[in-house]
Amino acid sequence: QVQLVESGGGLVQAGGSLRLSCAASGRTFSTSFMGWFRQAPMKEREFVARISGNGRNTNFAEFVKGRFYISRDNAKNTVDLQMNSLKPEDTAVYYCAAEVSSYGSRWYAGYWGQGTQVTVSS
């Protein structure tokens with residue numbers, strides 16, 4: 001049974017940093033794209049970042065470039081999202097995802113975590 005479990009969410013002040021972690025189980029995703037999405041209240045889920053299986057290629061949404069960084073450890077079957085210079089508009093539930101793909105401007109994932117709340121106060 002495949003599971004993705006996020007951790008590290010919480011409350012942080014604007015300008016601060018937070019590191020999210022995602023632990024996968026049930027199978028290895030070492031050859032799969034992994035990523036992060038987020039969903040704010042009354043908003044659609046949106047793409048945040050993606051990393052290739054070997055960790056050499058990354059993609060970021062424009063609104064997080066230069067602030068967020070994605071990494072993975074295939075030996076641990078984990079993927080992290082380092083979030084810096086956080087803004088109140090970053091407040092959302094953040095979801096870990098596996099087998100992340102794109103088609104045009106749309107993003108898809110084969111597996112999803114349950115999400116972890118990130119709240120950035122002003």
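Student: Which radius of gyration would a compact globule with 122 residues have, and what does the protein have? Please then turn to the largest nonpolar core and the residues with the most contacts inside it.

Tutor: This is a predicted model. A compact globule with 122 residues would have a radius of gyration near 14 Å, and the value of 13 Å for the protein agrees with that. The C-alpha trace spans about 40 × 30 × 25 Å along its principal axes. The secondary structure consists of 13 strands and zero helices. Of the contacts between residues at least 6 apart in sequence, 56% join residues at least 24 apart.

As to the interior, 39% of the 122 residues are buried. In soluble globular proteins, nonpolar side chains tend to be buried together. Here the largest nonpolar core has 30 residues, and W36, L81, M83 and Y94 are those with the most contacts inside it. At least two residues of this core come from each of strand 3 (18-25), strand 4 (34-39), strand 5 (46-51), strand 7 (68-73), strand 8 (78-83), strand 9 (92-98) and strand 13 (116-121). Strand 9 gives the most, with five residues.

As for the surface, the protein exposes about 6700 Å², of which carbon and sulfur atoms supply 46%.

Definitions and conventions:
Residues numbered from 1 in each chain as written. Predicted model: local features only at pLDDT ≥ 70, side-chain atom pairs only at ≥ 80, totals over all residues. Heavy atoms only, no water. Helix = DSSP H or I, 4+ residues; strand = E, 2+ residues; numbered from the N terminus. Rg over C-alpha atoms; globule rule 2.2 N^0.38 Å. Buried < 20%, exposed > 50% of the residue type's maximum accessible area, 1.4 Å probe, protein only. Contact = heavy atoms within 4.5 Å. Areas by Shrake-Rupley, 256 points an atom, 1.4 Å probe, with all protein chains shown as cover. Core = buried A, V, L, I, M, F, W, Y, C linked by side-chain atoms within 4.5 Å.
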